[in-house]
Amino acid sequence: MASLSRREVEQGLPWVWTPDKLRRFAKLASTNIYVAEIDSRVVGFSIASLGDARAHLVLLAVDRRWRKSGIGRELLDWQLRAGLTAGLADMSLEVRANNKSAQQFYAAAGFRKLRVLPRYYSGLEDGIRFRLSPLRVSQPMQQKKSLQPDE
Ligand SMILES: CC(C)(COP(=O)(O)OP(=O)(O)OC[C@H]1O[C@@H](n2cnc3c(N)ncnc32)[C@H](O)[C@@H]1OP(=O)(O)O)[C@@H](O)C(=O)NCCC(=O)NCCS
């Protein structure tokens, strides 16, 4: 997960989600993690922090060879289901201002742009906060089509 984060989320920024930090974060009772594996290889993951009233999506990444196959939506929906089951009101997240495709991904799932966070990422890049309120799942659970990687 740390190397996926380094490669797919934090490129061009200092590496914040190192293996040590992820290990510590994973031990918190409030942390919820889903991992997508294909042939025993991690191809994506989502990490959320479930508070008493609200959920915060901390990290979500899909290996670029496996994008646009529905894996990201599935990883997000599992977190939304967990938040709903816990009776939480909403889910927020931050995304890099330059990351337009992730912004479209979250907008397609019903998230609304709340505000810009100047220099949120290590003082180098603005962040944009999104929120889904009330919390809801974007699609019903369904049978999965078979997946093929992009070459
Ligand atoms: C954002 C990300 C997680 C999406 O994962 P994915 O598995 O490719 O997404 P899905 O296939 O589930 O897409 C679901 C919907 O999101 C939207 N979407 C996904 N990728 C998109 C893109 N590049 N441009 C526009 N819309 C996109 C589409 O509406 C898509 O639905 P459709 O396939 O029916 O058109 C993935 O691109 C990624 O890992 N990016 C790098 C890391 C990152 O930006 N993480 C989020 C910020 S922490």
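Residues are numbered from 1 along each chain, in the order its sequence is written. Because the model is predicted, local features need pLDDT of at least 70 and side-chain atom pairs count only at pLDDT 80 or more, while totals for chains, interfaces and linings use all residues.

**View 1. The chain and its elements.** You can pick out four helices and six strands here. Both are DSSP runs numbered from the N terminus: helices are H or I with at least four residues, strands are E with at least two. Starting at the N terminus, the order reads α-α-β-β-β-α-β-α-β-β.

**View 2. Around the ligand.** The shell holds 20 residues, and Arg67, Gly72, Arg73, Ser101 and Ala108 come nearest. To be near, a residue needs its C-beta atom, placed from the backbone, within 6 Å. Two or more residues each come from α1 (2-9), β3 (54-62), α3 (71-85) and α4 (100-108).

**View 3. What the shell is made of.** Which element gives the most to the shell around the ligand? That's α4, with five residues. By class, the shell has 10 nonpolar (Ala, Val, Leu, Ile, Met, Phe, Trp, Tyr, Cys and Pro), four charged (Asp, Glu, Lys and Arg) and six polar residues (the others, Gly among them).
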